[in-house]
Amino acid sequence: MTQDDLETLYEALAESLDSLPAEARELYLAKLALALAETLENAPRALEIIAECRTGIAST
């Protein structure tokens, strides 16, 4: 995947999130993550990616 592809995906995700009410964004992201994980067809790798994506994000 190229940098341009990543930027296009980021923009699409940002636009989708911006179009939703704040209270629906977490559900949308969960549904998106599960759909992408299903496409990956590799549960162990999906779990690794979930852990990797927490890196650098402060927990409350």
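pLDDT is the predictor's confidence in each residue, on a scale from 0 to 100. This is a predicted model, in which local features need pLDDT of at least 70 and side-chain atom pairs count only at pLDDT 80 or more, while totals for chains, interfaces and linings use all residues. Residues are numbered from 1 along each chain as its sequence is written, and side-chain values use heavy atoms, with hydrogens and water left out.

The protein chain has a mean pLDDT of 94, and 98% of its residues reach 70 or more. Helices (H or I, at least four residues) are DSSP runs numbered from the N terminus. Confidence is highest in helix 1, at a mean of 97, and lowest in helix 3, at 94.

**Pockets**

Rolling a probe the size of a water molecule over the atoms shows where empty space is left. On a 1 Å grid over the protein atoms alone, with a 1.4 Å probe, a pocket is an open set of points with protein on both sides within 12 Å along at least five of seven lines; lining residues have an atom within 4 Å of a point. A volume is the space filled by probe spheres set on the points, which are joined across faces, edges and corners. In the classes below, Ala, Val, Leu, Ile, Met, Phe, Trp, Tyr, Cys and Pro count as nonpolar, Asp, Glu, Lys and Arg as charged, and the others, Gly among them, as polar.

| Pocket | Volume | Lining by class |
|---|---|---|
| Largest pocket | about 600 Å³ | 14 nonpolar, no polar, one charged residues |
| Second largest pocket | about 310 Å³ | nine nonpolar, one polar, no charged residues |

Of the 15 residues lining the largest pocket, Ala33, Leu36, Ile49, Ile50 and Cys53 lie nearest its centre. Helix 2 (22–40) and helix 3 (43–53) each supply at least two lining residues, and the largest share, eight residues, comes from helix 2.

The lining of the second largest pocket includes Met1, Tyr10, Ser16, Tyr28 and Leu36. Helix 1 (3–19) and helix 2 each give two or more residues to this lining; helix 1 has the largest share, six residues.

**Salt bridges**

A salt bridge is a side-chain nitrogen of Lys or Arg within 4 Å of a carboxyl oxygen of Asp or Glu. The structure holds two. Arg45 pairs with Glu48, their closest N and O atoms being 3.0 Å apart. These two residues are about one helical turn apart, because three residues separate their positions in helix 3. Arg45 also forms a salt bridge with Glu52 (3.0 Å, N to O). Shared partners join Arg45, Glu48 and Glu52 into one network.
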